[in-house]
Amino acid sequence: MVVEAAGERLRRWRLVLGGGEADGTGCELGGRDAAMDGALGALYGSGGGGKKDRGRDRSAGLGASAPSVSRWLGDIRKYFPSSVVQVMQRDAIERLGLSTLLLEPEMLEAVEADVHLVGTLLSLNKAMPETTKETARAVVRKVVEDLEKRLATRTRANLTGALDRSTRVSRPRHHDIDWNRTIAVNLKNYLPEYKTIVPERLIGYGRASQSVKKEVILCIDQSGSMAASVVYASVFGAVLGSMRSLNTRLVVFDTNVVDLTDQLDDPVDVLFGTQLGGGTDINRALAYCQSQITRPADTIVVLISDLYEGGIRNEMLKRVAAMKASGVQFVTLLALSDEGTPAYDREHAAALSALGAPAFACTPDLFPEVMAAAIEKRPLPIPDMSTHR
């Protein structure tokens with residue numbers, strides 16, 4: 001057993017190191033392991049002139065040929081789990097400049113679709129030929145539908161509960177009484193001889209579902225570094241937009257501001273309405289959002305940005321301060337993704353925190369809790385950012 005364990009360790013180190021005279025393992029690969037090594041070498045090899053491993057070239061590379069890349073995509077899907085395939089695809093696009101190959105429909109059909117691939121496709125949107133757009137939309141729609149299945153139910157449940165709690169009334173109808181809280185506040189009125197509580201004070205819920213109770217404005221930075229956040233925010237925007245108790249507006253910006261609220265019923269349309277890349281003018285975007293606020297005390301503005309401001313910094317901060325002073329709940333998310341805390345403008349983040357609008361990175365799983373806290377006007381569940389670097 002000890003020999004087998006040592007052999008397995010050598011095999012894994014050999015796959016990591018890539019072979020050659022300097023790897024020190026003395027381990028030969030064959031069959032499936034050799035094929036995996038070839039797939040890894042094509043992506044992570046050092047390029048021409050790399051070390052040879054018994055006739056196999058760990059640094060053969062993928063080249064710029066669509067057929068060779070297509071074969072490689074098939075290989076990695078065969079030999080590696082989906083999560084690893086997604087990482088390798090992302091590395092191939094970044095390291096080997098394969099983005100343009102995604103403009104070919106047959107290539108899109110071969111890839112493993114995920115949030116990062118959607119971001120890449122959106123960045124190529126304007127360069128995409130008409131023959132590819134239909135395939136690209138199908139790829140994006142699959143990812144979006146998967147995300148909605150994962151996120152929608154929990155989001156609606158969290159926010160519906162928060163909306164109910166935010167509309168508590170002291171004279172509820174019988175079927176609107178919150179019995180747990182009513183009993184808790186009336187325990188002092190317990191009559192032991194009758195073994196009952198006299199409910200002098202009733203606590204209940206208003207009928208949040210019958211009218212709009214909160215206004216939500218999602219203000220999304222569409223600069224290139226925010227690609228995953230744009231994808232998740234569009235999905236959440238569609239989920240929030242489907243709730244009758246919320247009036248949801250979705251605004252995207254770079255140096256220009258685009259209101260995509262009328263497309264909220266289809267997040268794929270929202271995504272193809274964005275244009276990833278370009279500059280950033282947060283102040284201009286917040287000025288537009290501010291102009292849309294009619295009920296400050298019932299409004300939540302969610303700014304999703306890394307805060308690298310290209311506009312007027314002091315004006316941006318004044319707008320945030322003015323919105324908060326009017327009663328707006330202001331939430332700043334440095335990212336809405338699974339990747340943790342991105343690079344961000346720390347000076348701007350500190351200035352917003354001083355205004356009572358702390359900036360933090362948020363995972364998609366945490367977002368419903370953040371929104372529920374904002375709706376109820378209680379402290380936000382801010383994660384420890386030191387664990388997300």
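**View 1. Contacts along the chain.** Of the contacts (heavy atoms within 4.5 Å) with a separation of 6 or more, 73% join residues 24 or more positions apart. This is a predicted model, in which local features need pLDDT of at least 70 and side-chain atom pairs count only at pLDDT 80 or more, while totals for chains, interfaces and linings use all residues. Residues are numbered from 1 along each chain as its sequence is written, and side-chain values use heavy atoms, with hydrogens and water left out.

**View 2. The largest nonpolar core.** Here you meet a set of 79 residues, in which Trp72, Phe80, Val302 and Phe367 have the most contacts. Its largest share, ten residues, comes from helix α7 (residues 130–166); helices are DSSP runs of H or I with at least four residues, numbered from the N terminus. A nonpolar core joins buried Ala, Val, Leu, Ile, Met, Phe, Trp, Tyr and Cys residues through side-chain atoms within 4.5 Å, and buried means under 20% relative accessible area with a 1.4 Å probe, protein chains only.

**View 3. The cavity.** On a 1 Å grid over the protein atoms alone, a cavity is a set of points where a 1.4 Å probe fits but cannot get out; lining residues have an atom within 4 Å of a point. The structure holds one of 30 Å³ or more, and about 80 Å³ of space lies in the largest cavity. Among its lining residues are Val69, Trp72, Gln89 and Met107. Helices α3 (66–79) and α4 (82–96) each give two or more residues to this lining.

Note on methods:
Buried < 20%, exposed > 50% of the residue type's maximum accessible area, 1.4 Å probe, protein only. 1 Å grid on protein atoms, 1.4 Å probe; cavity = no way out; pocket = protein on both sides within 12 Å on 5 of 7 lines; lining within 4 Å. Points joined across faces, edges and corners; volume = space filled by probe spheres on them.
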